[in-house]
Amino acid sequence: MPLSDYKDLVGTVASYAAIAQMLSGIIMCRNFARQGTTRGMPPTMFVMGGTLGVVMVEFARIMKDAAMLRANRAIMLLNLGYLACYWYYCDDRPLFYRTLTKATVLAAGLLTYARLEDPAVVEFRFGAILTVLFFFLVASPLFSLREIIRTKNSISIPLPMVLSGTVVTLLWLLYGVMIGSAFLIFQNVIVLVLSVAQLGLVIIYPRTLPPEESKGVDYL
């Protein structure tokens, strides 16, 4: 039986897995609440997650896809909820506000562009921008690569999100191969490389805080 005969099954599993992946942020928020701090976890992923959620709703509007709009609204609400959780327990508010300000300006610019661009080309161009933002979001834990190597500590990598994201990426990559989508294959190969790089860092370096900061902190 040809591999393509399973494409509907794999596509369905990948869709549900993607939804389940969004819930992985609950694990991080649970730990923030238990520890009472976000120490060791930079705000970039949470801020960009909220920004991407808002922009994805606009993309669904452009696509005029009711199902996508419902799904993206749910994703946006989850991401904004995680962002609010991070803010509540954040122990470096100035850094959080600086990051949030930059992301807000970016989101406002993109939403303005979407409303002013030629309708004939906005879907493709806005989709391409979304893809770049998604790559940025996945790669954001690697922005502290120098610090991870210097301290030999990968605590800044959100392991639950990376693990679940790797599984989802593998499923979408398989689906892309089944339907012969070069774009889907390219997109997920890039994400898979970024995810594997982060998992490699977790394996190489321990996920621990310095002794003077480690009391009660555990990000899995």
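Which residue just after α2 takes a positive phi? That's G36, at about 75 degrees. We're looking at a predicted model, so a few ground rules apply: local features need pLDDT of at least 70, side-chain atom pairs count only at pLDDT 80 or more, and totals for chains, interfaces and linings use all residues. Residues are numbered from 1 along each chain as its sequence is written, and side-chain values use heavy atoms, with hydrogens and water left out.

**Overall build**

- The chain has nine helices and zero strands, where helices (H or I, at least four residues) and strands (E, at least two) are DSSP runs numbered from the N terminus.
- Read along the sequence, that gives the pattern α-α-α-α-α-α-α-α-α.
- Along its principal axes, the C-alpha trace spans about 55 × 45 × 30 Å.
- Of the 220 residues, 44% count as buried; buried means under 20% relative accessible area, exposed means over 50%, and partly exposed is in between (1.4 Å probe, protein chains only).
- Take the contacts (heavy atoms within 4.5 Å) with a sequence separation of 6 or more: residues 24 or more positions apart account for 76% of them.

**Helix α2 and its buried face**

- Helix α2 covers residues 25-35, and its buried residues are G25, M28, C29, N31, F32 and Q35.
- Seen down the axis of α2, those buried residues fall within an arc of 160 degrees, so they line one face of the helix; the arc is that of the directions from the helix axis to the C-beta atoms.

**Rings and a charge**

- Rings of Phe, Tyr and Trp (its six-membered ring) pair if their centres lie within 6.5 Å; planes under 30 degrees apart count as stacked, over 60 as edge-to-face and the rest as tilted.
- By that rule, the count is ten aromatic pairs.
- One of them joins W172 and Y175, edge-to-face, at 5.7 Å centre to centre and 80 degrees between the planes.
- W172 and Y175 are three residues apart in helix α8 (residues 159-179), so about one helical turn separates them.
- F32, from the buried set of α2, also turns up in a cluster: ring pairs link F32, F46, Y86, F96 and Y97.
- The charged end of R93 sits over the ring of W87, 4.5 Å from its centre; the rule asks for NZ of Lys or CZ of Arg within 6 Å of the ring centre and within 35 degrees of the ring normal.

**W172 and its surroundings**

- W172 is partly exposed, with a relative accessible area of 22%.
- Leaving aside neighbours within four places in sequence, W172 is in contact with G11, A14, S15, A18, L184 and N188.
- I185 is 13 residues from W172 in sequence, and the two are 8.0 Å apart in space, C-alpha to C-alpha.

- V47 sits in helix α3 (residues 44-63) and counts as buried at 0% relative accessibility.
- Not counting residues up to four places away in sequence, V47 touches L83, F96, T99, L100 and A103.
- V47 and F96 are 49 residues apart in sequence but 8.2 Å apart in space, C-alpha to C-alpha; F96 is also part of the ring cluster.
- S195 lies in helix α9 (residues 182-204) and is buried too, at 4% relative accessibility.
- Beyond residues up to four places away in sequence, S195 touches V138, V162 and T166.

**The loop between α7 and α8**

- S156 lies in this loop, between α7 (145-151) and α8, and counts as buried at 11% relative accessibility.
- The side chain of S156 makes a polar contact with the side chain of S144 at 3.2 Å; a polar contact is a pair of N or O atoms within 3.5 Å, where within protein one must be able to donate a hydrogen and the other to accept it, and residues adjacent in sequence count only if both atoms are side-chain atoms.
- With neighbours within four places in sequence set aside, the contacts of S156 are G40, M41, P42, P141, S144 and I148.
- K152 is found in the loop between α7 and α8 as well, but K152 is exposed, with a relative accessible area of 52%.
- K152 has a positive phi of about 55 degrees although it is not a glycine.
- Most residues other than glycine have a negative phi.
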